[in-house]
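Please read it with the model open.

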Amino acid sequence: MSQQPDDGPDPDLEVLLAFIRDSRGFDFTGYKRTSLARRVRKRMSDAGVADYVDYRDLLETSSDEFGFLFNTILINVTGFFRDTESWSYLQQEVVPELLNSVDSGEDIRVWSAGCSSGEEAYSLAMIFAHALGVEECAKRVKIYGTDVDEEALREARTGVYTAKSLEPLPEDFRHLYFEPCGTRFAFRSDLRRRVIFGRHDITRDAPISRLHLLVCRNTLMYFNVEAQSQIVDRFHFALGGGGHLFLGKAEMLLSDGERFDIVSMRQRIFRRRPGDAGPPHQPAPIKLIPTAGFGLRDAARKRQLRDLVLEAAPNAMIAIDLDGLVAQVNSQARAQFGLASHDIGRPFRDLEVSYRPTELRSLIEQAHAESRAVRVNGVERRLSADDVQYLDIIVQPLTSSEGLVVGSSVVFVDTTALTRLQLEVKRNREDLDTAYEELQSTNEELETTNEELQSSIEELETTNEELQSTNEELETTNEELQSGNEELETMNEEIRIRSTELDEARTFLEGVLASIAAGVVVIDGERRVRSWNRGAEELWGLRSDEAQRQPFFQLDFGLPTDSLVDVVQRCLETGARTGPVELVAVNRKGRTITCSVFCSPLDSRGEGVVLLMEEAPQH
């Protein structure tokens, strides 16, 4: 996998990541800087911090902030049978093949790496239970679900999910594998015991071994090239021979054709090739010490060196270290001299090619002694009684950046065509110039064409890597958007519930006010009418819509409101109920009455009063 180069790492961000790694044991240095920086800046914005230095100070002083940061960086977007087409292929094509390759009594080991809240691990349990039967699955299948997010793992261990989470499942799966648990649904307990959850960092911790199936979907895309290479090394070590690797739709194994076969590129399913695995994330078995110009520091670039220098070389090549052991053999040499991968590590002198078609051991010693390339031209190699191959052999000493000889390479250049042409020229001297010119012209044209094709191939590979990196970025952004959308949906639901509660409270209060026979008027701090109940309408003949938002002391409705100014002011200042105040007034029928007025504070902050008005009984 690859990614586009950026403008270089931000030093302050690198210091922050090192601080997080050293203080909390979370190593985010292998994550892609583009998406990682975006997530960290999002948390910084939420925390109101402007730069990485200040944010580190916040982390040092607030232990809770670490949890908020980790929840922001670790995007837990998952679901049952996410990407249905890929899971259907796994269920219908891969799992039957896997079960046929395993003995009937043998345990089946499955690992869900980066399982988040557990939906992926339980999806695997349902697939194997469907293929083997629940009882057989509970006996033989062991599923490991791992993640670095402890909060997500706690949710996974409960095995309890909402009805909305189960919507992608077929109806029969929901009824067979889940049981109601209040308003939610719990995964059935007999299979739940076969799913083991634990914290595991795929960039640092030793992998689970002897696996038949390893599922790691939409996790690799968050890491840079070097971290991805180390993780794939661990996955190769974890899988048994013929084990399957199931990746996400934005992830591919572009440079591991020797270790994994493609089962379905569209569904991102690969099969580990048979053969012993070395220790996890160790470099390829190359004993050559690279020069400083190549700057090879890790297994990924050593494999790249092997691919580019050896496998893509047009001529047969064998590399030998200072101990005389074969360090590497390219594909042309294997095909031409009948060598195999198990010959790597054998003494070179034990191979037939070391002395036939010519003695090479003395040439290697000469090249080391003179520190220069030694070339032997026109070596005959008899393939059969009538077929002879002519080779030019070049022995080149290999030196390190300190100038020390660390090995040698032997290159076999097939010159059969040219040699036969030269022999033909000897027999036909008069055509020498013409034949030579035609050969030279053809050779130059072929070389030019080869260089143009090589350049085109490199450009296409670069374009493919850039597109792959862009696809991973888009997938990452999509998951971030999905996570944000779920948060917004949760907030919207909370707002809706609160709005409903507010409507119910308003309706309740309006009903209470309407049921009171006495006149009730609510006045705000600006002395304006906020509420005018039905009792007030009946008493004074002034409708609620005529009184709403009007200055109370300017209303003309039969009550001498000027006499209440001091009463209202005193109630606002003291916060104590006053009254009754008896005033002579005229009701809506034009009859003179004595009105008793009580004044109560609306709240403790002095933002309004409530006036209760009723006709006093006649004595």
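## Basis of the report

This is a predicted model, in which local features need pLDDT of at least 70 and side-chain atom pairs count only at pLDDT 80 or more, while totals for chains, interfaces and linings use all residues. Residues are numbered from 1 along each chain as its sequence is written, and side-chain values use heavy atoms, with hydrogens and water left out.

Strand β3 is joined by 2 bridges to strand β5 (residues 184-187), and the two run antiparallel; helices (H or I, at least four residues) and strands (E, at least two) are DSSP runs, numbered from the N terminus. Within this pair, Y161 has F185 of β5 as its bridge partner. Two strands are taken to pair if DSSP finds at least two bridges between them.

These strands belong to an open sheet of 3 strands with antiparallel pairing, in the order β3-β5-β4. The edge strands, each pairing on one side only, are β3 (160-161) and β4 (178-181). Helix α6 (residues 119-132) packs on the sheet and touches β3, β4 and β5, its direction making about 60° with that of β5.

Strand β1 (residues 108-113) is mostly covered, since 6 of its 6 residues are buried, where buried means under 20% relative accessible area, exposed over 50% and partly exposed in between (1.4 Å probe, protein chains only). Both faces are covered, with I108, V110 and S112 buried on one side and R109, W111 and A113 buried on the other.

With strand β2 (residues 141-147), β1 pairs in the parallel sense over 6 bridges, and I108 stands opposite V141 in β2. A further 3 bridges join β1 to strand β7 (residues 211-216), again running parallel, and here V110 stands opposite L213.

The axes of helix α1 (residues 11-24) and helix α3 (residues 52-61) come within 9 Å and cross at roughly 15°; axes are lines fitted to C-alpha atoms, for helices over the stretch in contact, and angles run from 0 to 180 degrees between N-to-C directions. The two helices are therefore roughly parallel, given that angles under 35 degrees count as roughly parallel, over 145 as roughly antiparallel, 65 to 115 as roughly perpendicular and the rest as oblique. In this contact (heavy atoms within 4.5 Å), D12, L13, V15, L16, F19 and I20 of α1 meet Y52, V53, Y55, R56, L59 and E60 of α3. By class, the contact of α1 with α3 has 9 nonpolar, no polar and 3 charged residues, where Ala, Val, Leu, Ile, Met, Phe, Trp, Tyr, Cys and Pro count as nonpolar, Asp, Glu, Lys and Arg as charged, and the others, Gly among them, as polar.

Helix α2 (residues 33-47) and α3 have axes that come within 11 Å and cross at roughly 70°, which means that α2 is roughly perpendicular to α3. From α2, residues A37, V40, R41, R43, M44 and A47 meet Y52, Y55 and L58 in α3, and the residues of this contact divide into 7 nonpolar, no polar and 2 charged.

## Two buried residues

E480 is found in helix α16 (residues 432-515) and is buried, with a relative accessible area of 12%. Leaving aside neighbours within four places in sequence, E480 is in contact with S35, R38, R39 and I75.

L542 lies in the loop between α17 (534-540) and α18 (544-547), and at 14% relative accessibility L542 also counts as buried. With neighbours within four places in sequence again left aside, L542 is in contact with W532, E537, A547, L555 and F557.
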